[in-house]
Amino acid sequence: MPDQSINRFDGKNLKTCKEHTDEALEKAVGTSATCDETWRHRSFAERGVIVARVAALMHQKVEVLAYTRMVKS
C-alpha cells in the first residue's frame, strides 16, 4: 500500500508516494549509511562550508523552489 501524507488539520491527502520494492529500499538504506559515514568524518568547519553553500543556492533559487512547491501541492 502506498504511503500517504495526510494533513492532520483537515484530513486531506496531501501526497501519495509510490511503493518501493525491497531492493530499492535496501539500496536507499545503503546509500544513506554510506553518506552518514562520510559526513560524520568531516569537521564542523567542512560541514559549515557545505551547509552555507546549500543555503546560498536555496536563496538564489527561492522563486523557483517556491513555485515548484506550489505547483506540486
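Me: Where in the chain is confidence lowest, and where is it highest?
Reply: Lowest is helix α3 (residues 62-72), at a mean of 73, and highest is helix α2 (residues 44-60), at 96. Those are pLDDT values, the predictor's confidence in each residue, from 0 to 100. Helices here are DSSP runs of H or I with at least four residues, strands are runs of E with at least two, and both are numbered from the N terminus. This is a predicted model, where local features need pLDDT of at least 70, side-chain atom pairs count only at pLDDT 80 or more, and totals for chains, interfaces and linings use all residues. Residues are numbered from 1 along each chain as its sequence is written, and side-chain values use heavy atoms, with hydrogens and water left out.

Me: And what's the mean pLDDT of the chain?
Reply: It's 88, with 90% of the residues at 70 or more.

Me: What pattern does the chain follow along the sequence?
Reply: It reads β-β-α-α-α, so to speak two strands and three helices.

Me: How do β1 and β2 run, and how many bridges join them?
Reply: Strand β1 (residues 3-6) and strand β2 (residues 13-17) run antiparallel, with four bridges between them. Strands pair if DSSP finds at least two bridges between them.

Me: Which residues in β2 partner I6 and S5?
Reply: I6 bridges to N13, and S5 to K15.

Me: What about the hairpin, which residue takes a positive phi?
Reply: G11, near 75°, in a hairpin with six residues between the strands.

Me: New topic. What's the radius of gyration of the chain?
Reply: 17 Å, whereas a compact globule of 73 residues would come in near 11 Å. The radius is taken over C-alpha atoms, and the globule rule is 2.2 Å times the number of residues to the power 0.38. Along its principal axes, the C-alpha trace spans about 45 × 35 × 20 Å.

Me: What share of the residues is buried?
Reply: 0% of the 73. Buried means under 20% relative accessible area, exposed over 50%, and partly exposed in between, using a 1.4 Å probe and protein chains only.

Me: I might care about the cysteine. Where does C35 lie?
Reply: In helix α1 (residues 22-40).

Me: Why does C35 count as partly exposed?
Reply: Because its relative accessibility is 48%.

Me: How far apart are C35 and H59?
Reply: They are 24 residues apart in sequence and 24 Å apart in space, C-alpha to C-alpha.
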